Amino acid sequence: MNKRIALVIMSMLWSAMTFAAGTEYRMRVDGLACPYCAYGIEKKLKAIDGVGKIDVNLNEGLVIVDVAEGTRLTEPQMKKLFQDSGFTYRSMTETPLDGDAGK
Amino acid sequence: MKNVNHQRFRFHRKIPAVIVLAGLVVGTVQAHDPIFGIGPHVLYKGGIEVAPEVHTGKKGSERETELGLELTYGLTGDWAAGIDLPYRFSKDGSEDASGAGDVSLFTKYRFWRNDTLGAQETAAILAKVKFASGDENNTPPVGSGSTDAILGLSYGYESRKWYRWASVRYRRNGENDDGLRRGDRVLVDLVGGIRPKPTGYLEPDTVWLLELNGEYGRRAEFRGSDLPSTGGKELFLSPGIFWTKRNFAVKAGVQIPLVSKLHGRQDNSDYRTRLILEWHL
């Protein structure tokens, strides 16, 4: 039992460390009016290896994605992803998730 | 001779019920589209929409209830296609019958889209073919016995707070084996909607709708002759609601007749209702 708990904790720590060294992408997307319609974006982003937390800010037209270290999201890839989801990709910024970097 | 007369008697009793069927089989709803009208919404590429629904209607002594399952697939981000599988319960006076209704195939293509911050304005065309697959030999019948085609054009605007749609559909009805051809129909819809409280991505979201649904039907023809007490104009006012949470939606509405100018001696529509559950997978 103790081994199982230790395993779960280690796996959570590993996961946290991986994403802590990853990247946060903020994508400006037009056409985001309702939460229900944004589900297709979430589904398509989650199909990409290394994608972790996803948040959608409808009022600001932002899709915020945390990815693990070693995973990169490119502009052509996102343009196609949002087109296939029924929205228009505008721009993207990326910020490293390793502590103070990017501040 | 007695048998022939009996068949003719049964057939003439079937005519009004077959014509009533046209009132229910017209909608194809996706995501934030109107409940009774059509909208330009499609589905994301590779997405699957599963939508069981209940659709009811009452017109004088005739009652129709349809349990339907609509399955839609997103071929691209702007093009979807699907199938509608209905099961019907028909009641006319003291007689009632149930069985598989007419299966339909449909497709919708969004040919124009203007995306801005927090808003989307779109237009789409829709085509639907309803096959003569339902049982038309029941009394009252649950299938129309004809292959019909529907062509539609819709415009929609949605923002964080306001919605508006306009659409027009033309329904070309085929002739059944008995020589009955229901009159072609034109349907025009104007719809407004409001989201009273703009909500976040994973929060439950509610949009209220008010539809104005106009229907014009030509007279039905039986073996080349017009049937006088068929067709006409109806106008409905239809309040409705969408409630959604993430990839699940509940949509409901009721059509209340405002104006009925039907040809000859016909019962006016009393009401129609529609309840849809929808999942995006």
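## A three-stranded sheet in chain B

Three strands of chain B make an open sheet in the order β9-β12-β13, paired antiparallel. Its edge strands are β9 (180-181) and β13 (225-226) of chain B. Each of these two pairs on one side only. The model described here is predicted.

Look at one pairing in this sheet. Strand β12 of chain B covers residues 221-222. Two bridges join β12(B) to β13(B), and the two strands run antiparallel. Which residue of β13(B) is the bridge partner of F222(B)? The partner is S225(B).

## Chain B as a whole

Chain B holds one helix and 16 strands. It has 281 residues, and 44% of them count as buried.

Contacts in chain B also span the sequence. Take the contacts between residues at least 6 apart in sequence. Of these, 60% join residues at least 24 apart.

## Where the chains touch

Chain A has an open sheet of four strands, in the order β2-β3-β1-β4. The pairing is antiparallel. At the edges sit β2 (51-57) and β4 (88-96) of chain A, each pairing on one side only. From one strand to the next, the twist averages 20°.

Strands β1 and β3 of chain A are joined by six bridges and run antiparallel. Strand β1(A) spans residues 23-30, and β3(A) spans residues 62-67. Within this pairing, Y25(A) has V65(A) in β3(A) as its bridge partner.

## Helices on the sheet

Two helices of chain A come next. Which strands does helix α2 of chain A lie across? Helix α2(A), residues 39-46, lies across β2 and β3 of chain A. Its direction is at about 165° to β2(A).

Helix α3 of chain A covers residues 75-85 and packs on the sheet. There, α3(A) touches β1 and β4 of chain A. The direction of helix α3(A) makes about 135° with that of β4(A).

Conventions: Residues are numbered from 1 along each chain as its sequence is written. Chains are lettered from A and ligands numbered from 1 in the order in which they are written. This is a predicted model: local features need pLDDT of at least 70, side-chain atom pairs count only at pLDDT 80 or more; totals for chains, interfaces and linings use all residues. A residue is buried if 20 or more other C-beta atoms lie within 10 Å of its own, exposed if 12 or fewer, and partly exposed in between; C-beta atoms are placed from the backbone. Two residues are in contact if their C-beta atoms, placed from the backbone, lie within 7 Å. Two strands pair if DSSP finds at least two bridges between them. Axes are lines fitted to C-alpha atoms, for helices over the stretch in contact, and angles run from 0 to 180 degrees between N-to-C directions.
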